Amino acid sequence: MTVVKNPFFWIPVLLFVGNQLIERVLGVFIPYVHAYLDDLLAMPVILGITLQVYRWIHPQKDAFVLTPMQTFVGFAYIAFIFEWFLPRFSNTYTADLLDVLCYGIGTLAFYHFINKAANT
């Protein structure tokens, strides 16, 4: 199944968009949802988009899947940038180990529910 047809990709995308609309348009901020939902949804969305782009350009097309190492590198990169690098140079960002845990859970969800070849 292509990524864009996978409901496990669209659920995080729609939850993210819905949460952003509620926060930015209605001004409603639910404390733990505001703090951690975007981090939980980030990896399925980022890696899902990445996987779909690879499938468009890779010879294996819809049979292409990210390896566990590629998935881990994506997780490590996002965690490093948003939880170590950016907080050191900008007051906009705050390092939080629970964010890293959310990235990890999102990465596992991506790997088990979205990162599937078309024939599975």
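Contact here means heavy atoms within 4.5 Å. This is a predicted model: local features need pLDDT of at least 70, side-chain atom pairs count only at pLDDT 80 or more, and totals for chains, interfaces and linings use all residues. Residues are numbered from 1 along each chain as its sequence is written, and side-chain values use heavy atoms, with hydrogens and water left out. The protein chain has four helices and zero strands. Helices (H or I, at least four residues) and strands (E, at least two) are DSSP runs, numbered from the N terminus.

**Overall layout**

- From the N terminus on, the elements run α-α-α-α.
- Along the principal axes, the C-alpha atoms of the protein chain fill a box of roughly 45 × 30 × 20 Å.
- The protein chain has 120 residues, and buried residues make up 34% of them. Buried means under 20% relative accessible area, exposed means over 50%, and partly exposed lies in between (1.4 Å probe, protein chains only).
- Take the contacts between residues at least 6 apart in sequence: 69% of them join residues at least 24 apart.

**How helix pairs are described**

- Two packed helices are described by the angle between their axes and the distance between the axes.
- Axes are lines fitted to C-alpha atoms, for helices over the stretch in contact, and angles run from 0 to 180 degrees between N-to-C directions.
- Angles under 35 degrees count as roughly parallel, over 145 as roughly antiparallel, 65 to 115 as roughly perpendicular and the rest as oblique.
- A crossing is left-handed if the near helix is turned anticlockwise from the far one by less than a right angle, and right-handed if clockwise.
- For residue classes, Ala, Val, Leu, Ile, Met, Phe, Trp, Tyr, Cys and Pro count as nonpolar, Asp, Glu, Lys and Arg as charged, and the others, Gly among them, as polar.

**α1 with α2**

- The axes of helix α1 (residues 7-24) and α2 come within 9 Å and cross at roughly 140 degrees. The two helices are therefore oblique to each other.
- The crossing of α1 and α2 is left-handed.
- On the α1 side, the contact is made by F9, P12, V13, L15, F16, N19, Q20 and E23. On the α2 side, it is made by V33, H34, L37, D38, L41, P44, V45, G48 and I49.
- By class, this contact of α1 with α2 has 11 nonpolar, four polar and two charged residues.

**α2 with α3**

- α2 and α3 pack at an angle of about 125 degrees, and their axes are 11 Å apart. This pair is therefore oblique as well.
- The crossing of α2 and α3 is right-handed.
- In α2, M43, I46 and L47 meet T71, G74, F75 and I78 of α3.
- The residues of this contact of α2 with α3 divide into five nonpolar, two polar and no charged.

**α3 with α4**

- Helix α3 (residues 68-89) and helix α4 (residues 97-114) have axes that come within 10 Å and cross at roughly 155 degrees. They are therefore roughly antiparallel to each other.
- The crossing of α3 and α4 is right-handed.
- P68, T71, F75, I78, A79, F82 and E83 of α3 make the contact with D99, V100, Y103, G104, T107, F110 and Y111 of α4.
- Nine nonpolar, three polar and two charged residues form the contact of α3 with α4.

**The nonpolar core**

- A nonpolar core is a set of buried Ala, Val, Leu, Ile, Met, Phe, Trp, Tyr and Cys residues joined through side-chain atoms within 4.5 Å.
- The largest such core has 16 residues, and those with the most contacts inside it are M43, L51, L66, Y103 and F110.
- α1, α2, α3 and α4 each give two or more residues to this core. The largest share, five residues, comes from α2.
- Not counting residues up to four places away in sequence, L51 touches V3, F64, V65, L66, F110, I114 and N115.

**Individual residues**

- V33 lies in helix α2 and is partly exposed, with a relative accessible area of 30%.
- Leaving aside neighbours within four places in sequence, V33 is in contact with N19 and D38. The C-alpha atoms of V33 and N19 are separated by 8.3 Å, and the two residues are 14 residues apart along the chain.
- I46 sits in helix α2 (residues 31-57). I46 is partly exposed, with a relative accessible area of 34%.
- I46 and I105 are 59 residues apart in sequence and 14 Å apart in space, C-alpha to C-alpha.
- K61 is in the loop between α2 and α3. Its phi is near 50 degrees, a positive value in a residue other than glycine.
- K61 counts as partly exposed, at 41% relative accessibility.
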